[in-house]
Amino acid sequence: MNIDIKRGWLVRVMAILFVMHCSLFTASAEEQQKFSPEKFQADLEQYITNEAGLTAEETAKFFPLYREMQQKQRVVYNKMHELFKLPKDEASCKRAIQRRDQYEIELKQIAQTYHNKFLRVLPASKVIRTIIAEDKFHRRAFRNWGNHNRGEGHHRGSQPKK
């Protein structure tokens, strides 16, 4: 599969997950509990640390950059979300599609910039493992959330099980 196709798919998945991440509430079968972005972030960072095998020193260098990247991406995701609040006439739909395409390119440029920054503080083998770990975490969190909402009774903690 072409790298650009994989990246495009990943960007779309990340956008969906980010929107969910910002707007969802979670609850266990035993008690109602609001979704905690802080807990989600802590679980994500712990998962990435474990999966990528980061040392304490590497973690201290990597995560400030990672959070900075997420912050910049979040601004773009919010803009993308706003696009679909436009009137639904043909001209505004066309503009929304074109603007969304521009935002997706912007997201890839942000990722590329930060991947290069990551490479300055981590070996390439660990950078790729952080990228894979982030993707795996989000896919599993999304699947766990979906299973719980279908009433399958799975525990819905933010951290995915291995």
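Predicted model: local features only at pLDDT ≥ 70, side-chain atom pairs only at ≥ 80, totals over all residues.
Biologist: What makes the approach of the T49 side chain to E45 a polar contact?

Modeller: The side chain of T49 reaches the backbone oxygen of E45 at 2.7 Å, and the limit for such a pair of N or O atoms is within 3.5 Å. Leaving aside residues up to four places away in sequence, T49 also touches L54, T59 and F63.

Biologist: Why are α2 and α3 described as oblique to each other?

Modeller: Helix α2 (residues 37–52) and helix α3 (residues 56–83) pack at an angle of about 130°, their axes lying 12 Å apart. Roughly antiparallel would need an angle over 145 degrees and roughly perpendicular one of 65 to 115, so the pair counts as oblique. The crossing of these two helices is right-handed, and the contact is made by Q41, L44, E45, I48 and T49 of α2 together with T59, F62, F63, Y66, R67 and Q70 of α3. By class, the residues of this contact divide into five nonpolar, four polar and two charged.

Biologist: How do you know which orientation term applies to α3 and α4?

Modeller: α3 and helix α4 (residues 90–121) pack at an angle of about 180°, with axes 10 Å apart; angles over 145 degrees count as roughly antiparallel, and that term therefore describes α3 and α4. The residues of their contact comprise 16 nonpolar, one polar and nine charged.

Technical notes. Residues numbered from 1 in each chain as written. Heavy atoms only, no water. Axes fitted to C-alpha atoms, helices over the stretch in contact; angles between N-to-C directions. Helix = DSSP H or I, 4+ residues; strand = E, 2+ residues; numbered from the N terminus. Parallel < 35°, antiparallel > 145°, perpendicular 65-115°, else oblique. Left-handed = near helix turned anticlockwise from the far one by under 90°. Contact = heavy atoms within 4.5 Å. Nonpolar A, V, L, I, M, F, W, Y, C, P; charged D, E, K, R; others polar. Polar contact = N/O pair within 3.5 Å; in protein donor to acceptor, adjacent residues only side chain to side chain.
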